[in-house]
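Work through the following exercises with the sequence and the coordinates open beside you.

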Amino acid sequence: MIPAIETTGLVKVFGETRAVDGVDLVVEPGTIHGLLGPNGAGKTTIVRILATLERLDGGRAAVLGHDVAAEASEIRKRISLTGQFASLDEDLTAAENLTMFGRLLGMRKGDARARTHRLLQDFELADVADRRVRTYSGGMRRRLDLAASMIGRPSVVFLDEPTTGLDPGKREEVWRMIRSVSRSGGTVLLTTQYMEEADALADEISVIDQGKVIARGTPPELKRAVGGQTIVVRPRDPARLAEATVVVEQALHRRPDATSRDVLTVPVDDDAAFGTVVRHLEGAGIEMAELSLRLPSLDEVFFSLTGRRTDDTTDSPSPHTAQDDAA
Amino acid sequence: MNDRSTTSHADRAPVPDAPTGTAEPGSDRSSTSATVTAPPPETVLTPRGVIRESLILAQRSLTKTRRNPGEQMDALIMPIMFLVMFVYLFGGAVADSRDEYVQYLFPGILVMTTILAGLLATGLHINIDIKKGVFDRFRSLPIARGAPLIGSVLGDMIRYVIAVVTVFAVAYLMGFRVETDLASALGAVLLCVALGFSLSWLSVFIGVAVKDENVVTTVAFLGIFPLTFGTDMVAPKETLPGWLQAWTDINPVSHAMDATRGLLLDNPAAGSAASTAASTAANSVAESVTATLLWSAGFLVAFGALAMYAYRRRA
């Protein structure tokens with residue numbers, strides 16, 4: 001089977017910088033592949049080369065078996081790109097935007113309108129279809145961007161940081177739609193700075209650093225490789241923190257850290273530990289305000305892979321912990 | 001994939017299959033497995049394709065103009081301001097009467113109007129579009145590379161119409177009268193539009209080549225002043241200093257000023273050094289029109305090619 005995306009030794013140079021420095025990728029059709037890395041790692045450049053927006057300086061890249069250098073127009077018929085910034089016309093309404101893109105893809109007016117109508121419903125934008133994109137919230141824009149990407153029924157969808165800047169609730173909404181894009185048969189290549197996002201969506205992850213792939217694997221493989229998961233326990237009654245500490249220590253044979261007056265954390269290596277902790281705490285009858293297994297942040301992933309911190313920490317993800325009543 | 005989840009939280013529940021629960025985005029594909037090999041939509045890169053795509057994108061520019069009527073003001077205020085200012089401030093001093101002066105001045109202002117409309121809007125819009133990312137999406141579509149540029153320029157032509165009509169109306173209120181006939185007046189307008197259109201490609205080139213939108217506006221103004229004021233627009237050429245006369249002689253916009261005067265006025269000789277004798281007036285109008293059209297064609301080819309080149313490079 002021809003891979004949806006295949007690159008060998010991909011290189012892109014900007015001046016002195018090797019933005020992409022020998023990247024090999026293979027993405028099987030129908031899967032979601034995540035490019036995980038900090039700002040400036042080269043993720044966006046890889047996507048732009050594959051979407052035929054940027055010329056490569058070395059190596060080879062093919063999308064659906066078509067060479068990006070030689071058969072760009074063949075590729076453009078079969079892909080879509082959603083950039084980091086909502087790439088829509090702000091002065092037009094959602095419906096006008098989608099119809100325009102449909103028409104540019106060769107649809108007749110009526111077909112483009114029908115397709116627009118359908119997509120706006122699918123992406124839950126039907127009631128704001130005639131509002132200018134200018135007035136949209138961040139989450140609505142991302143959804144519309146995704147809808148615009150689906151207009152031409154692309155076989156490969158490139159999503160460049162599809163949820164950057166969205167708050168967690170909106171992020172999950174967009175994730176849900178990305179999953180359904182993939183389920184309808186398309187291949188998705190997405191870039192992200194969030195381990196959480198790569199874990200939630202990707203079948204396979206490539207970790208990118210300074211233009212190179214420094215690790216790859218399925219999310220479980222990657223998590224095993226980097227370790228660094230943490231169980232976070234917050235008793236409903238802060239007075240019972242000491243009691244909880246003892247219970248957790250007995251369960252895991254490992255001393256938890258009291259990170260604040262009412263929270264304790266304990267690093268764990270395998271996923272089963274979480275269940276053990278849950279059972280022990282339930283057995284002890286300690287009610288929880290928060291109980292979560294936190295994934296390593298991108299920063300922690302990087303630290304364990306490279307031994308150094310990512311340069312950019314401003315965009316580091318807020319750990320998505322469930323703040324809810326635990327039974 | 002759910003191994004990080006907590007015990008029984010609602011937001012960890014399995015996510016419904018599709019946004020609406022019934023339909024998936026893009027799910028009107030015939031079948032899932034066919035997707036990867038599905039034939040792409042019928043899009044061919046042909047001259048007809050370029051025209052079709054450019055017109056679709058011109059439609060977009062038109063809609064934007066309709067939604068932002070305020071943006072028109074840039075291209076309207078300047079010519080009207082100069083018209084009013086020169087006629088009422090200097091008209092009495094420069095010519096025998098204000099009525100006479102408005103007849104002299106307006107044909108030049110008409111040229112200025114379309115040059116302004118051409119240089120001010122399109123390049124700036126394209127510059128902003130490129131930064132906002134909508135051009136990235138255009139470029140990743142299987143459409144002609146130049147279509148977004150051509151579409152923007154074509155769509156912005158409505159601005160010339162609005163500007164010319166408004167400026168004409170103001171001049172009429174100020175006492176300007178067409179001394180020839182309707183056909184000649186229309187000819188003058190079309191000529192001005194042709195010149196403005198061809199010069200708009202200069203602004204497109206700058207808009208594509210330069211990152212900072214302020215630079216785009218600055219360069220446009222830097223071009224507008226020598227091109228329009230370095231002519232006999234406001235005063236007869238003989239009254240200008242020698243160095244300015246030299247520039248006026250080579251400034252292509254001078255031809256357009258001569259041509260519009262010839263097309264709008266009975267006796268344009270008063271202002272035009274080119275036509276010294278009444279008998280040669282008709283000839284010299286034809287010459288000025290031809291010269292203007294040739295220059296416009298030259299600008300169109302040169303700046304159009306530069307713009308396309310810069311656009312391709314800014315991939």
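Predicted model: local features only at pLDDT ≥ 70, side-chain atom pairs only at ≥ 80, totals over all residues.

**Exercise 1.** Determine how helix H2 of chain B is oriented against helix H7 of chain B, and state which residues form the contact.

Solution. Begin with the geometry: H2(B), residues 73-94, and H7(B), residues 157-173, pack at an angle of about 20°, and their axes lie 10 Å apart. Angles under 35 degrees count as roughly parallel, and H2(B) and H7(B) are therefore roughly parallel to each other. The hand of the crossing of H2(B) and H7(B) is right-handed. Turning to the side chains, H2(B) contributes Leu76(B), Pro79(B), Ile80(B) and Leu83(B), which meet residues of H7(B) including Ile162(B), Thr166(B) and Val170(B). Sorted by class, the contact of H2(B) with H7(B) comprises nine nonpolar residues, one polar residue and no charged residues.

**Exercise 2.** Carry out the corresponding analysis for H2(B) and helix H3 of chain B.

Solution. The axes of H2(B) and H3(B), the latter spanning residues 98-120, come within 9 Å and cross at roughly 160°. Because angles over 145 degrees count as roughly antiparallel, this pair, H2(B) and H3(B), is roughly antiparallel. The crossing of H2(B) and H3(B) is right-handed. Among the residues of H2(B) in this contact are Met78(B), Phe82(B) and Phe86(B), while those of H3(B) include Tyr101(B), Leu105(B) and Ile109(B). By class, the contact of H2(B) with H3(B) holds 18 nonpolar, three polar and two charged residues.

**Exercise 3.** Classify the packing of helix H1 of chain B with helix H6 of chain B.

Solution. H1(B), residues 47-67, packs with H6(B), residues 147-155, at an angle of about 50°, the axes being 7 Å apart. That angle makes H1(B) oblique to H6(B). H1(B) passes H6(B) in a right-handed crossing, and the contact between H1(B) and H6(B) has nine nonpolar, five polar and two charged residues.

**Exercise 4.** Describe how domain 1 and domain 2 of chain A are arranged and what area is buried between them.

Solution. First, take the division of chain A into domain 1 (5-223) and domain 2 (227-296), whose centres, taken over C-alpha atoms, are separated by 38 Å. Next, count the contacts: four residues of domain 1 of chain A touch four residues of domain 2 of chain A. The area buried between domain 1 and domain 2 of chain A is about 370 Å², with carbon and sulfur atoms giving 60% of it. Finally, within domain 1 of chain A, Met195(A), Glu196(A) and Lys223(A) lose the most area to domain 2 of chain A, together 90% of what that side buries.

Conventions:
Residues numbered from 1 in each chain as written. Chains lettered and ligands numbered in written order. Heavy atoms only, no water. Axes fitted to C-alpha atoms, helices over the stretch in contact; angles between N-to-C directions. Helix = DSSP H or I, 4+ residues; strand = E, 2+ residues; numbered from the N terminus. Parallel < 35°, antiparallel > 145°, perpendicular 65-115°, else oblique. Left-handed = near helix turned anticlockwise from the far one by under 90°. Contact = heavy atoms within 4.5 Å. Nonpolar A, V, L, I, M, F, W, Y, C, P; charged D, E, K, R; others polar. Domains from an automatic or database assignment. Buried area = accessible area lost by both parts, 1.4 Å probe.
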